[in-house]
Amino acid sequence: MKHIASILLLAFGMTAQAAYAAPAKNLPLDDTGCIARPLTVKRGETYRFRNTAGNVVLTIRPVSPDIVVKGPDGKRIALEKGTDIENGDGFSFADLDRKGHYSITFPRAGNVERLCVNAPFV
């Protein structure tokens, strides 16, 4: 009986994990490298984009230290916090110094007001 229960728990865990891991979506960037309008994200949603220019800056508003950015090698890139001098609004940013595919995972649902992959938009 314990063996059957273990198998059922293992199968349930694998099914739940597969359901949670949705494929990454392409980040809807326009010609300027920014999202054209605010982006509504779901909890755990992952977006990907390709850095073809090399040395660029990723900027995200509003500030969220929980956002996970991963580089072409799959390693996490730390986000730093900046403040707009004119109005005091905060934003998160990271230097992306390598060409390749990047991913951004949003751990909480919400709206991303601005997101650019080029230079700061402050």
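Strand S3 (residues 45–51) and strand S9 (residues 100–106) pair in the antiparallel sense over seven bridges; two strands count as paired if DSSP finds at least two bridges between them. Within this pair, Arg50 stands opposite His101 in S9. Strands here are DSSP runs of E with at least two residues, helices are runs of H or I with at least four, and both are numbered from the N terminus.

Before I continue, please note that this is a predicted model, in which local features need pLDDT of at least 70 and side-chain atom pairs count only at pLDDT 80 or more, while totals for chains, interfaces and linings use all residues. Residues are numbered from 1 along each chain as its sequence is written, and side-chain values use heavy atoms, with hydrogens and water left out.

The S3–S9 pair belongs to an open sheet of five strands, ordered S1-S3-S9-S5-S6, with mixed pairing. Which strands stand at the edges? They are S1 (25–26) and S6 (76–77); each has a single partner strand, so one side of each lacks a neighbour in the sheet. S1 runs parallel to S3, joined to it by two bridges, and Asn26 stands opposite Arg48 in S3.

I return to S3. Five of its seven residues are buried, so the strand is largely enclosed by the rest of the structure. Buried means under 20% relative accessible area, exposed means over 50%, and partly exposed lies in between, with a 1.4 Å probe and protein chains only.

Let me turn to the core. A nonpolar core is a set of buried Ala, Val, Leu, Ile, Met, Phe, Trp, Tyr and Cys residues joined through side-chain atoms within 4.5 Å. The largest one has 20 residues, of which Leu58, Leu96, Ile104, Phe106, Val112 and Leu115 touch the most other members. Two or more residues come from each of S2 (39–41), S3, S4 (56–61), S8 (90–96), S9 and S11 (114–118). Leaving aside residues up to four places away in sequence, Leu58 touches, among others, Val69, Leu79, Phe93, Leu96, Ile104 and Leu115, where contact means heavy atoms within 4.5 Å.

Finally, the chain as a whole. Buried residues make up 34% of its 122 residues. Among contacts between residues at least 6 apart in sequence, 69% join residues at least 24 apart.
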